[in-house]
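Work through these exercises one at a time. Try each task before you read its solution.

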Amino acid sequence: MKEKAQLEAQVEKLKKINTRTHSRTTSDLRRVAASPRAAAAPPSGPGGEDNHQTPRADAALLPVDEKDIEDDQVTRLVEANGQLEAKLANSEQAVNDLSKELAAVKKQAEAQRHEYMRLLRQKEDLENELEDVQVLLGKPKQT
(Lines give C-alpha, C1' and ligand atoms only; values in the text may rest on other atoms or scores of the structure.)
Protein backbone atom coordinates (compact mmCIF):
# COMPACT_ATOMS: atom_id res chain seq x y z
CA MET A 1 0.00 0.00 0.00
CA LYS A 2 2.85 2.34 0.90
CA GLU A 3 4.70 1.42 -2.31
CA LYS A 4 1.62 2.20 -4.37
CA ALA A 5 1.28 5.62 -2.78
CA GLN A 6 4.97 6.32 -3.36
CA LEU A 7 4.71 5.25 -6.99
CA GLU A 8 1.60 7.35 -7.52
CA ALA A 9 3.39 10.37 -6.03
CA GLN A 10 6.37 9.69 -8.28
CA VAL A 11 4.09 9.42 -11.33
CA GLU A 12 2.45 12.75 -10.47
CA LYS A 13 5.86 14.35 -10.02
CA LEU A 14 7.02 13.00 -13.38
CA LYS A 15 3.82 14.23 -15.05
CA LYS A 16 4.48 17.74 -13.70
CA ILE A 17 8.10 17.62 -14.86
CA ASN A 18 7.01 16.30 -18.26
CA THR A 19 4.43 19.07 -18.60
CA ARG A 20 6.99 21.74 -17.68
CA THR A 21 9.60 20.26 -20.01
CA HIS A 22 7.08 19.89 -22.83
CA SER A 23 5.88 23.47 -22.46
CA ARG A 24 9.47 24.72 -22.33
CA THR A 25 10.38 22.67 -25.38
CA THR A 26 7.30 23.91 -27.20
CA SER A 27 7.94 27.52 -26.29
CA ASP A 28 11.62 27.17 -27.28
CA LEU A 29 10.60 25.67 -30.61
CA ARG A 30 8.07 28.46 -31.16
CA ARG A 31 10.69 31.05 -30.29
CA VAL A 32 13.14 29.47 -32.72
CA ALA A 33 10.44 29.25 -35.40
CA ALA A 34 9.55 32.92 -34.87
CA SER A 35 13.17 34.04 -35.06
CA PRO A 36 14.29 35.96 -38.15
CA ARG A 37 16.57 33.08 -39.05
CA ALA A 38 13.62 30.65 -39.25
CA ALA A 39 11.52 33.18 -41.18
CA ALA A 40 14.23 33.46 -43.83
CA ALA A 41 14.47 29.67 -44.21
CA PRO A 42 13.70 28.31 -47.65
CA PRO A 43 10.30 26.65 -48.02
CA SER A 44 10.06 22.91 -47.53
CA GLY A 45 9.41 20.64 -50.44
CA PRO A 46 6.48 18.23 -50.70
CA GLY A 47 6.63 15.74 -47.86
CA GLY A 48 8.36 18.16 -45.49
CA GLU A 49 11.96 17.70 -46.65
CA ASP A 50 14.12 20.66 -47.59
CA ASN A 51 14.98 20.82 -51.26
CA HIS A 52 17.93 23.12 -50.66
CA GLN A 53 21.28 21.97 -49.35
CA THR A 54 22.68 25.48 -49.05
CA PRO A 55 22.82 27.19 -45.65
CA ARG A 56 20.22 29.81 -44.88
CA ALA A 57 20.93 33.37 -45.87
CA ASP A 58 20.73 34.69 -42.32
CA ALA A 59 23.00 32.00 -40.88
CA ALA A 60 25.92 34.30 -41.61
CA LEU A 61 24.30 36.99 -39.45
CA LEU A 62 24.39 34.85 -36.30
CA PRO A 63 27.65 33.88 -34.71
CA VAL A 64 28.28 30.15 -35.10
CA ASP A 65 28.47 29.62 -31.36
CA GLU A 66 25.04 31.15 -30.69
CA LYS A 67 23.41 29.10 -33.42
CA ASP A 68 25.06 25.90 -32.19
CA ILE A 69 24.11 26.64 -28.60
CA GLU A 70 20.51 27.26 -29.57
CA ASP A 71 20.35 24.04 -31.60
CA ASP A 72 22.01 22.09 -28.77
CA GLN A 73 19.53 23.45 -26.25
CA VAL A 74 16.55 22.46 -28.37
CA THR A 75 18.05 19.01 -28.98
CA ARG A 76 18.71 18.49 -25.28
CA LEU A 77 15.21 19.60 -24.36
CA VAL A 78 13.67 17.24 -26.89
CA GLU A 79 15.84 14.36 -25.64
CA ALA A 80 15.04 15.17 -22.00
CA ASN A 81 11.35 15.29 -22.84
CA GLY A 82 11.57 11.86 -24.49
CA GLN A 83 13.42 10.42 -21.51
CA LEU A 84 10.86 11.84 -19.09
CA GLU A 85 7.99 10.47 -21.17
CA ALA A 86 9.63 7.02 -21.13
CA LYS A 87 10.19 7.25 -17.38
CA LEU A 88 6.58 8.33 -16.89
CA ALA A 89 5.33 5.40 -18.97
CA ASN A 90 7.49 3.00 -16.92
CA SER A 91 6.20 4.46 -13.66
CA GLU A 92 2.58 4.24 -14.82
CA GLN A 93 3.16 0.61 -15.82
CA ALA A 94 4.68 -0.09 -12.39
CA VAL A 95 1.64 1.50 -10.71
CA ASN A 96 -0.70 -0.63 -12.85
CA ASP A 97 1.27 -3.79 -12.06
CA LEU A 98 1.27 -3.04 -8.33
CA SER A 99 -2.45 -2.26 -8.42
CA LYS A 100 -3.12 -5.66 -9.96
CA GLU A 101 -0.87 -7.32 -7.39
CA LEU A 102 -2.65 -5.49 -4.59
CA ALA A 103 -6.05 -6.58 -5.88
CA ALA A 104 -4.86 -10.20 -6.02
CA VAL A 105 -3.51 -10.04 -2.46
CA LYS A 106 -6.77 -8.49 -1.21
CA LYS A 107 -8.77 -11.22 -2.93
CA GLN A 108 -6.57 -13.90 -1.40
CA ALA A 109 -6.85 -12.34 2.07
CA GLU A 110 -10.64 -12.24 1.76
CA ALA A 111 -10.73 -15.92 0.76
CA GLN A 112 -8.50 -16.83 3.73
CA ARG A 113 -10.75 -14.86 6.07
CA HIS A 114 -13.82 -16.76 4.84
CA GLU A 115 -12.02 -20.11 5.22
CA TYR A 116 -10.90 -19.21 8.74
CA MET A 117 -14.46 -18.28 9.74
CA ARG A 118 -15.76 -21.55 8.26
CA LEU A 119 -13.19 -23.53 10.23
CA LEU A 120 -14.11 -21.69 13.47
CA ARG A 121 -17.79 -22.55 12.94
CA GLN A 122 -16.88 -26.16 12.19
CA LYS A 123 -14.78 -26.32 15.36
CA GLU A 124 -17.69 -25.00 17.46
CA ASP A 125 -20.06 -27.53 15.88
CA LEU A 126 -17.66 -30.40 16.59
CA GLU A 127 -17.19 -29.26 20.19
CA ASN A 128 -20.99 -29.19 20.63
CA GLU A 129 -21.29 -32.69 19.11
CA LEU A 130 -18.56 -33.98 21.43
CA GLU A 131 -20.34 -32.46 24.39
CA ASP A 132 -23.62 -34.15 23.33
CA VAL A 133 -21.90 -37.54 22.95
CA GLN A 134 -20.30 -37.19 26.37
CA VAL A 135 -23.67 -36.39 27.95
CA LEU A 136 -25.20 -39.46 26.26
CA LEU A 137 -22.38 -41.69 27.48
CA GLY A 138 -22.58 -40.23 30.95
CA LYS A 139 -19.01 -39.05 31.00
CA PRO A 140 -18.14 -35.86 32.86
CA LYS A 141 -17.51 -32.74 30.86
CA GLN A 142 -13.88 -32.10 29.96
CA THR A 143 -12.63 -28.57 30.41
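**Exercise 1. Exposure and a charged pair**

Classify E110 as buried, partly exposed or exposed. Then find its salt-bridge partner.

Solution. 
- Step 1. The relative accessibility of E110 is 36%. Buried means under 20% relative accessible area, exposed means over 50%, and partly exposed lies in between (1.4 Å probe, protein chains only). E110 is therefore partly exposed.
- Step 2. Know what you are reading. This is a predicted model: local features need pLDDT of at least 70, side-chain atom pairs count only at pLDDT 80 or more, and totals for chains, interfaces and linings use all residues. Residues are numbered from 1 along each chain as its sequence is written, and side-chain values use heavy atoms, leaving out hydrogens and water.
- Step 3. Now apply the salt-bridge rule: a side-chain nitrogen of Lys or Arg within 4 Å of a carboxyl oxygen of Asp or Glu. The side chain of E110 pairs with that of R113, at 2.7 Å from N to O.
- Step 4. Check the partner. R113 has a relative accessible area of 43%, so R113 is partly exposed too.
- Step 5. Ask how the two are placed. Both sit in helix α3 (residues 64-137), three residues apart, which means about one helical turn separates them. Helices are DSSP runs of H or I with at least four residues, strands are runs of E with at least two, and both are numbered from the N terminus.

**Exercise 2. The remaining salt bridges**

State how many salt bridges the rule gives. Find the partners of R118 and K123.

Solution. 
- Step 1. Side chains of opposite charge can pair when their charged atoms come close.
- Step 2. The count is three.
- Step 3. R118 pairs with E115, with N and O 2.6 Å apart. The two lie three residues apart in helix α3, about one turn. R118 is partly exposed at 37%, and E115 is partly exposed at 36%.
- Step 4. K123 pairs with E127, where the closest N and O atoms are 3.7 Å apart. Here the spacing is four residues, about one turn of helix α3. K123 is partly exposed at 46%, and E127 is partly exposed at 43%.

**Exercise 3. A buried serine and a pair across the sequence**

Solution. 
- Step 1. S91 lies in helix α3. Its relative accessibility is 8%, so S91 is buried.
- Step 2. Contact means heavy atoms within 4.5 Å. Leave out neighbours within four places in sequence, and S91 contacts Q10, V11 and L14.
- Step 3. Q93 is also in helix α3, but Q93 is partly exposed at 42%.

**Exercise 4. Surface patches**

Which residues form a nonpolar patch, and which form a negative one?

Solution. 
- Step 1. Learn the rule. Patch residues have over 30% relative accessible area and no salt bridge; like charges are joined within 9 Å, and nonpolar side chains (Val, Leu, Ile, Met, Phe, Trp, Tyr) within 5 Å.
- Step 2. Y116, M117 and L120 make the nonpolar patch, with about 280 Å² of accessible area together. Areas come from the Shrake-Rupley method with a 1.4 Å probe; for residues, only the protein chains shown count as cover.
- Step 3. M117 lies in helix α3 and is partly exposed at 36%.
- Step 4. E124, D125, E129, E131 and D132 make the negative patch. Asp and Glu count as negative, Lys and Arg as positive; His and the chain ends are not counted. The charge is placed at CG of Asp, CD of Glu, NZ of Lys or CZ of Arg. D132 lies in helix α3.

**Exercise 5. The whole chain**

Describe the protein by its elements, its buried share and its contacts.

Solution. 
- Step 1. There are three helices and zero strands. From the N terminus the order is α-α-α.
- Step 2. Of the 143 residues, 15% are buried.
- Step 3. Take contacts with a separation of 6 or more: 68% of them join residues 24 or more positions apart.
- Step 4. The accessible surface is about 11,500 Å², and carbon and sulfur atoms hold 55% of it.
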